[in-house]
Amino acid sequence: MDQTLATEIMHAGHNVLLTGPAGCGKTHTLNAFIREAKQTGKRVSVTATTGLAATHLGGNTIHAWSGIGIHNQLPGNFFSSLSKSRADIINKTDVLVIDEISMLHDYRLDMIEEVARHVRGNAKPFGGLQVILCGDFFQLPPVSRAGEPASQFVVASEAWQNLEPIVCYLNEQHRQNDDKFLEILSAIRSGDVRRHHAEMLLERVDGELAQNSKVTQLHTTNVDVDTINARQLQQLDEQPKHYTMTLTGSKNYQESLKRSCLAQEKLALKKGALVMCIKNNQEKKYVNGSLGTVIDFANDTGYPVVELKNGRTITIEPDTWELRDGDKKRASISQIPLRLAWAVTVHKSQGMTLDAARINLKRAFVEGMGYVALSRVKSLSSLQLEGLNQMALMVSQEALAIDNQLREQSGVATTELAHLRANAKTRKATQKSAPKAGTWTEKLATMRQKYPNAYRPWQDKDDKALSALFSKGKPVHIAKLTKKFGRHPGSIRARLVKLFGEDAVLKTNSKK
């Protein structure tokens, strides 16, 4: 199935499983649907099974959204102790999105379904919500910790059987551009790795890369990654530049967002540092996973100037991550969307497209890990292996059986729902004429057309300039300050209060 038909099936109100191999455009399709659904006035709760995946979508974890937290079964007092705000969010939701569904335990999907049905007072599956599940069962499976019940994929749950989602199996490839490499990935995915596939991979052990430059290393453990990045940064004979994260929202939501986000609370960079973009840029200057090297720091703002692998040089400005709970924004983070990129874990690489990578799979410890890592790059020539073990070439036999069923179901849906494709042109024409609500990132981009420094950290030089204006003792016009500093009047007033106290606002004149 292609992205157009999958999108129209979701817009038609069907419950859906959006799936397919790495690089087929699942996240792109899901983001487009979420944006367009919100523009029509639908209230979309965007969630994922991990905090990292949730931040990519600007949402929350499904565990937090449903209120089940880390419980393995609903406590006897669950519904009586559920907060009114949590119940309101569940009640007001029209569409529930759950990303990285492969990592959700079957019994937890049943718990989430029971919560939605009970809170909404509706006997239909999930209380009548439209449910969009997204993920690939060949990627990381649900992990059961000590003391937790044995788990299976969500297809074994009662909730899945009752929901009966339409399967949209995307089969277009938007990442890999190498037929031999696609053959290897397909062989791993189908559980049919032959000798010649393994030999082609082994030829890439310490193999030369087409691009003669530094590349990101993928490792299976955080310890290896942190050690490599710290060592490499220390070896650069340059002065570090530090960037501190700014946050909004209550403390508990801030902490949750920080744990879920690739952005670092304190980011240290030097000229010569290998860095990776960790967010898709709204203006499409870079994407999540773009590699580059810090070559300078902007004179006026101090922001890092990065030469990307594609040869383009751009100044990387702070960006924003949000923790949203239904329609409510609980917390936000503003930080430079970069992290050191000499190394990253396989887990945190999910969703990224890497120009080139050196991958160490000697200690791959779970089925699907090798597939996730290898599928980050576009071709064999952009892959350099440090080693691999037998586990790296394995996928879950259960996932294999599930995948065969999903392909068949998607084929049936493609035929039976093909008529929905005709809706795409009409719907898009309607949306063009309708006012757009947009995501926070989109709203911020629009705001910065008028206020270029909106939601950016204040610089010391700006505070000094503001102080100098006030030291003259004459009334200062807010409109002039807005133009001078490129900030919203409310931001100007808040800064004045912080620097000079409440009386400072009395010395301003809101008129031009």
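Analyst: Let us begin with strand pairing: two strands pair if DSSP finds at least two bridges between them. The model shown here is predicted. In strand 18, residue A343 is the bridge partner of Q217. Strand 7 (residues 216-219) and strand 18 (residues 343-345) run parallel and are joined by 3 bridges.

User: Which residue is the bridge partner of Q217 in strand 19?

Analyst: In strand 19, that partner is R358. Strand 7 and strand 19 (residues 357-361) run parallel, and 3 bridges join them.

User: Which way do the residues of strand 7 point, and are they buried or exposed?

Analyst: T216 and L218 point one way, Q217 and H219 point the other way, and all are buried.

User: How is a pair of aromatic rings described?

Analyst: Such a pair is described by the distance of the centres and the angle of the planes. A search of the whole structure finds 2 aromatic pairs. The ring centres of F78 and F79 lie 5.2 Å apart with the planes at 90 degrees, so this pair is edge-to-face. F78 counts as buried at 5% relative accessibility, whereas F79, at 26%, is partly exposed.

The pair of F137 and F153 is also edge-to-face, with 5.2 Å centre to centre and 75 degrees between the planes.

User: Where do F137 and F153 lie?

Analyst: Both F137 and F153 lie in the loop between strand 5 (130-134) and helix 8 (158-163), so the pair ties together parts that are 16 residues apart in sequence. F137 and F153 are both buried.

Definitions and conventions. Residues numbered from 1 in each chain as written. Predicted model: local features only at pLDDT ≥ 70, side-chain atom pairs only at ≥ 80, totals over all residues. Heavy atoms only, no water. Phe/Tyr/Trp six-rings, centres within 6.5 Å; stacked < 30°, edge-to-face > 60°. Buried < 20%, exposed > 50% of the residue type's maximum accessible area, 1.4 Å probe, protein only. Helix = DSSP H or I, 4+ residues; strand = E, 2+ residues; numbered from the N terminus.
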